[in-house]
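Q: I am new to this structure and would like to learn how to read it feature by feature. Could you take me through it slowly, giving the general idea before each case?

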Amino acid sequence: MPLPEHDSYFIQRGPEPGGAGGVGRAFGETIRGLKTTFNRLIEGPDTVQYPEEKIPVYPRFRGRHRLHRFEDTGLEKCVGCSLCAAACPADCIRVVAAENTPDHRVSGGERYAAVYEINMSRCIFCGYCELACPFDAITMGNDFELADYNRSDLIFTKEMLLAEPLERTPLRAEGE
Amino acid sequence: MSSALATNVLPLATTYAVETWWVQVIKGIVIALIGFTLIPAAVTVERKLLGRFQHRYGPNRAGPYGTLQAGADILKLLGKENFRPAASDGFLFYLAPILAVIAAVATFAIIPLGEVVTIFGQPVGLYGIDVGIGPLYLFALGSIAFYGLVLGGFASGSKYSYLGAMRAAAQLISYEVAMGLALVGVIMITGSLSLVDMVEYQQANLWFLVTQPVGFLIFVIAGMAETNRAPFDLVEADSEIVAGYMTEYGGGGFASFYAAEYLNMIVAGAVATTVFLGGWAIPGWSDAPTWIAPFVVIIKTFIFVFFFVWIRATLPRLRYDQLMSFGWKILLPLATLNALITAIVVVAI
């Protein structure tokens, strides 16, 4: 930014310390500071008491994944194409596909995912799996409380991902 | 104290006692326990208040509203290993925290919590001892408390501890004089060094907060420096010298220093209450029941604790040279002037 053309510029400086005026000023500023902190005391805490009190997440929040079924037939949407596993930058999805047979029909397509595992200890919640899926079979849910005592417990199987999640995470309405 | 017996328990000083010796022993234990009860209360009040000043709750998990947090901390500290650095001086290292606690508790003894009352037919003065040299006793034991800090820092064998100890020594000489002179005005008006006499004078007359405002201000500021509290906490400035004299202490030693620090804060508040805020006196209620007196003193003391916490939440730590020049160039002349003017007024009237 070019400076305006003047011969001299006024630079605002703080007052020089010392002297009786300095004492008075320091006293006044102390009172001002005390007033400021006292106002903070009146305002009350801003802290959210987390385990008891949760901030609702937005609808687009990328939490724990969910696998979906067709609502009318109850068949799984996932056809075991492994595109999610290919898109995953953290390499945390493992899919083993198998053929649907007429008397054992699991998914809507030709094949289904016999094994579908997501390792939540590796997942970075980027949502690429959701984007890659051609059938909207996998979406990111709202759950974010995934802590566990064991690493092996963090490998979520297909059954766990298909199951309706426990309604633990409050959700914000659109536009809230 | 004409009704009380004058006994010479301390050398060079007169103490007044109305009780028999075994009442004095029980009273001493009870008052020490009151002091130790007030420490966790002060710690809790400080932590909760500091939290509120910073838009947070402070401890609120242990017990209802976090009231058991201080107790839990004490238990945790006492359960820890009593570690000692190889370079430290064992005897002094363990002596220092004990000295600090003894000095703090002994200072608490002269705080008058009330006048002489009759409990189970025995006359009991609601104070540890009524010494004829009140403020001098206070300053003497305050200096012994600094021995605790200086020895602790010196015996730790650590540079940070040593720096903290040196700062403590320098801070002591910068503030003790101004603090003492701040009380000279009050002493001249009362005509007595006994804290009980000072309270009784204030019951009859105006509080010294009104008649000695400058002395009050100097005493409170110097009290903050005496108790090593922010903004004068450069003895244990955590951002500069880790924790000053208590860097190498853990477990019980640390807990002792911590307890002594908070008891010193309470004592500073209680002395200010006694000398400037009328002790157990309630203005406009001269025939208050005697049992209410200790509660009045404690509530007034906690007003000062609130003020100390408020100051801590507000002001940044002073630089070392700022502290020295503030003590010597501002507080000391001001206190001297205050004492001089009071002397002139007292003589003139």
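**Reading the model step by step**

Q: How many helices and strands does chain A have, and in what order do they run?
A: Helices (H or I, at least four residues) and strands (E, at least two) are DSSP runs, numbered from the N terminus. Chain A has four helices and five strands, and from the N terminus on they follow the order α-β-α-β-β-α-β-β-α. Two points of reading come first: this is a predicted model, in which local features need pLDDT of at least 70 and side-chain atom pairs count only at pLDDT 80 or more, while totals for chains, interfaces and linings use all residues. Residues are numbered from 1 along each chain as its sequence is written, with chains lettered from A and ligands numbered from 1 in the order in which they are written.

Q: What confidence does the predictor give to chain B and to the complex?
A: The score for each residue is pLDDT, the predictor's confidence on a scale from 0 to 100. Chain B averages a pLDDT of 82, and 94% of the residues score at least 70. Within chain B, confidence is lowest in strand E1 (residues 5-7), at a mean of 54, and highest in H11(B), at 88. For the complex, the predictor gives an ipTM of 0.70 and a pTM of 0.77.

Q: What percentage of chain A counts as buried?
A: A residue is buried if 20 or more other C-beta atoms lie within 10 Å of its own, exposed if 12 or fewer, and partly exposed in between, with C-beta atoms placed from the backbone. Of the 176 residues of chain A, 14% count as buried.

Q: Which residues have the most contacts inside the largest nonpolar core?
A: In soluble globular proteins, nonpolar side chains tend to be buried together. A nonpolar core here is a set of buried Ala, Val, Leu, Ile, Met, Phe, Trp, Tyr and Cys residues joined through C-beta atoms within 7 Å. The largest has 104 residues, and those with the most contacts inside it are Ala100(B), Ala104(B), Ala178(B), Ala222(B) and Leu263(B). Helix H10 (residues 251-276) of chain B gives the most to this core, with 16 residues. A second, separate core of 18 residues includes Cys92(A), Tyr112(A), Ala113(A) and Cys129(A).

Q: Why does the span of H10(B) agree with its number of residues?
A: The expected span of a helix is 1.5 Å times one less than its number of residues. The 26 residues of H10(B) should therefore span 38 Å, and its end C-alpha atoms are 37 Å apart, which agrees. H10(B) is mostly covered, since 23 of its 26 residues are buried, and it is followed by Gly278(B), whose phi is positive, near 75°. Helix H4 (residues 134-155) of chain B can be read in this way too: its 22 residues reach 32 Å from first C-alpha to last, close to the 32 Å expected. In H4(B), 16 of the 22 residues are buried, and just after the helix Gly157(B) takes a positive phi of about 70°.

Q: In what order do the three strands of the open sheet in chain A lie?
A: Strands of a sheet pair through backbone hydrogen bonds, either parallel or antiparallel. Two strands count as paired if DSSP finds at least two bridges between them. In chain A the order is E2-E3-E5, and the pairing is antiparallel. Strand E2 (93-99) and strand E5 (155-156) stand at the edges, each with a single partner strand, so one side of each is left without a neighbour in the sheet. Strand E3 (residues 111-119) of chain A and E5(A) pair over two bridges, and the bridge partner of Asn119(A) in E5(A) is Ile155(A).

Q: Where do the two chains touch, and how many residues of each take part?
A: Two residues are in contact if their C-beta atoms, placed from the backbone, lie within 7 Å. By that rule, 11 residues of chain B are in contact with 12 residues of chain A. Helix H1 (21-53) and helix H11 (293-314) of chain B each supply at least two residues of the side that touches chain A.

Q: Is Asn228(B) buried or exposed?
A: Asn228(B) is buried, with 25 other C-beta atoms within 10 Å. Its place is the loop between helix H8 (213-226) and helix H9 (238-241) of chain B, and its phi is near 55°, a positive value in a residue other than glycine.
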